[in-house]
Amino acid sequence: MNFTEQTERFIRESGMLRQKGSVTVGISGGADSVCLFLQLADLREKLGIELKAVTVEHGIRGDESESDAQFSKELCESRGVHCEVVHVDAPGRAEAKGISLEEAARQLRYEAFFQNTKPGDMVALAHHLEDQAETVIFHMIRGSGVRGLTGIRPVSEVRGRRIIRPLLSATKQEITAELERRGQTWCTDSTNADVTYARNRIRQIIIPELVQINAGAVRHICEAASDIGSMYDSFAEKVDEYISSNETDKGLRCEDLALSDDYTRGMVIMEYLRRHLKSIKDVGREHIDRLSSLVKKGKNFRYDLPAGAEVLFEYNILKINYRKETEGFFFLPDELTRTGKQRIETDDFTVELEVRDFDLLEIKDIPQKNYEKWLDYDKIVDSFCIRSRAPGDFFTIDGQKHRQKFKDFCVNEKIPASQRGRIPLLVSGEHHVLWALGTGRLSEDVKLSENTRKILVVKYTTSGGNESDGR
């Protein structure tokens, strides 16, 4: 059986092509992707696929990179296949996002593949057996957990595209031997020799040492990954069932999870993060173990993850949030003192303020809504503003000037800690909260009475609209 026949057999046995359709091959000009392209070009009629190609020039190697892209384009066109050349700036992405050059280039490659395909299409990548072993080792030393040890799958679904890897059962030696048999040249990426890159170091140093210990090391690592994958898939069904049964629009219910064994709890948390984080790449074993331990205790917490993400656990609900500057907004009603009216607009909310005379006949009309309040304007002695919370904020709760801390109010009302900094507060002086906008809590000092002559009308609207203002 020749190499092309072996490739076809692997494609069919792994069920990569469930139906005929468009396959876009990622080609870099290197030996692996050139071999993949040639195999698919030879098999396209037999497999019933429409073949396309994308080559990504990363902006890293200057003229060498441009030459590789041109080589790839010409090779594809020589076989009657259109090749889209995409130029990206991997160094710029790495600097802007604070990530490694490797990761930036990987992200940009996938973006290029997605931009040049549509949902339902297939994307063929040239991973082979050594890539599989390299990935398993990389995940192992990074602490990625059991799923990481399953390595690269022959087929995966990403953003509606079916990612297929037809050469995953072939060795690097078999690939280069096939190209030499054909008399086909390929390009060599000079950065592949740079062992400052983690994967290059594994490929160039660690794997050769393992092969010295056992010549079959690469294949054995891949066989272990396959076995782990089978076991993981079985367990993953139970994890998926738990998440499906306990996930709500507020997050993941964790009452039962706290009572489960440590391994199951960690697996559920890891899978939940995988589904909701923008990237799982920098989440390691230490993060999962810590989260599992905190969930088991059942107390509210906030836990920071890499890349600006945080895990919030409040009232047995686990959810993912991305940190942003939501606190610290500050608005002075300067226009109000001149015109009697002021409108404050932000991306998250709008506040309208108006000072006007009050007629005692209107007492029956005082709104009970949580998004509109009338305050006795003459009782507001100090200057006031709208801002986010600050330490020391309080309400007055009765005529004897007894106080309630804003924090205690939030605890009593079960307002999650993650949301408290997003509540606009109408504050007089330094810390006297007149109204927590969007809530029913109004300071006793500014409530209307039969002696009220002027009122401050405050209307609050969220960006999503006031869906239930209540009462």
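Student: Where is R219 found in this model?

Tutor: R219 is found in helix α10, residues 217-246, where helices are DSSP runs of H or I with at least four residues, numbered from the N terminus. The model is predicted, so that local features need pLDDT of at least 70 and side-chain atom pairs count only at pLDDT 80 or more, whereas totals for chains, interfaces and linings use all residues. Residues are numbered from 1 along each chain as its sequence is written, and side-chain values use heavy atoms, with hydrogens and water left out.

Student: Why is R219 called partly exposed?

Tutor: Buried means under 20% relative accessible area and exposed means over 50%, with partly exposed in between, for a 1.4 Å probe and protein chains only; R219 has a relative accessible area of 39%, and is therefore partly exposed.

Student: Which residues is R219 in contact with, leaving aside its neighbours within four places in sequence?

Tutor: R219 is in contact with L129 and T171, contact meaning heavy atoms within 4.5 Å. The C-alpha atoms of R219 and L129 are separated by 7.2 Å, although the two residues are 90 apart along the chain.

Student: What makes α9 and α10 roughly perpendicular?

Tutor: Helix α9 (residues 198-213) packs with α10 at an angle of about 100°, their axes being 8 Å apart. Axes are lines fitted to C-alpha atoms, for helices over the stretch in contact, and angles run from 0 to 180 degrees between N-to-C directions. Angles under 35 degrees count as roughly parallel, over 145 as roughly antiparallel, 65 to 115 as roughly perpendicular and the rest as oblique, and α9 and α10 are therefore roughly perpendicular to each other.

Student: Which residues meet there, in α9 and in α10?

Tutor: I207, L210 and V211 in α9 meet A217, V218 and I221 in α10. By class, this contact has 6 nonpolar, no polar and no charged residues.

Student: Why is α2 called roughly parallel to α3?

Tutor: Helix α2 (residues 31-47) and helix α3 (residues 63-78) pack at an angle of about 15°, with axes 11 Å apart, and that angle makes α2 roughly parallel to α3. The contact is made by V34, F37 and L38 of α2 together with F71, L75 and C76 of α3.

Student: Which residues touch the most other members of the largest nonpolar core?

Tutor: In this core of 36 residues, they are V23, V25, I27, F37, L40 and L51. Helix α2 gives the most to the core, with 10 residues.

Technical notes: Helix = DSSP H or I, 4+ residues; strand = E, 2+ residues; numbered from the N terminus. Core = buried A, V, L, I, M, F, W, Y, C linked by side-chain atoms within 4.5 Å. Nonpolar A, V, L, I, M, F, W, Y, C, P; charged D, E, K, R; others polar.
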